[in-house]
Amino acid sequence: MNTDITASTKPEYPVVDRNPPFTKTVGNFNTLDYLRLTTITGISVTVGYLSGIKPGIRGPSMVTGGLIGLMGGFMYAYQNSAGRLMGFFPNEAEVAKAKHKI
């Protein structure tokens with residue numbers, strides 16, 4: 001079974017990097033990516049705190065919720081950044097930056 005998304009779906013936007021490495025993808029995070037990561041983490045910390053009130057484990061529950069939110073927010077931001085580089089999401093800024101480097 002081929003799990004490569006590029007094999008089954010063609011990009012709708014210009015491709016900047018067909019297979020971007022981790023460092024390039026993280027370096028491509030924009031303000032909205034960081035905002036989403038922070039928001040998801042903050043909501044998860046709050047939910048963790050509130051869910052730990054009744055059993056009396058607010059601290060550990062808050063930390064666990066925060067870590068889960070941080071990982072989820074990072075994965076969401078990473079997915080959006082990689083999608084822009086691979087041409088699956090709108091990527092005007094990335095295309096302009098790539099043309100400027102050449």
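**Note on the salt bridges**

1. K24 and D17 form a salt bridge whose closest N and O atoms lie 3.3 Å apart. The term salt bridge stands here for a side-chain nitrogen of Lys or Arg within 4 Å of a carboxyl oxygen of Asp or Glu. K24 is partly exposed at 37% relative accessibility, whereas D17, at 18%, is buried. Buried means under 20% relative accessible area, exposed over 50%, and partly exposed in between (1.4 Å probe, protein chains only).

2. The model is predicted, so local features need pLDDT of at least 70 and side-chain atom pairs count only at pLDDT 80 or more, while totals for chains, interfaces and linings use all residues. Residues are numbered from 1 along each chain as its sequence is written, and side-chain values use heavy atoms, leaving out hydrogens and water.

3. Searching the whole structure gives three salt bridges. One of them joins R84 to D33, with 2.7 Å between the closest N and O atoms. R84 belongs to helix α4 (residues 58-86) and D33 to helix α3 (residues 31-51), so this pair ties together parts 51 residues apart in sequence. Helices are DSSP runs (H or I, at least four residues), numbered from the N terminus.

4. R84 also forms a salt bridge with E94, the closest N and O atoms again being 2.7 Å apart. E94 lies in helix α5 (residues 92-101) and R84 in helix α4, so the pair ties together parts that are ten residues apart in sequence.

5. How are D33, R84 and E94 linked? They are linked in a network of salt bridges. R84 is buried at 7% relative accessible area, D33 is buried at 0%, and E94 is buried at 9%.

Note on methods
Helices (H or I, at least four residues) and strands (E, at least two) are DSSP runs, numbered from the N terminus.
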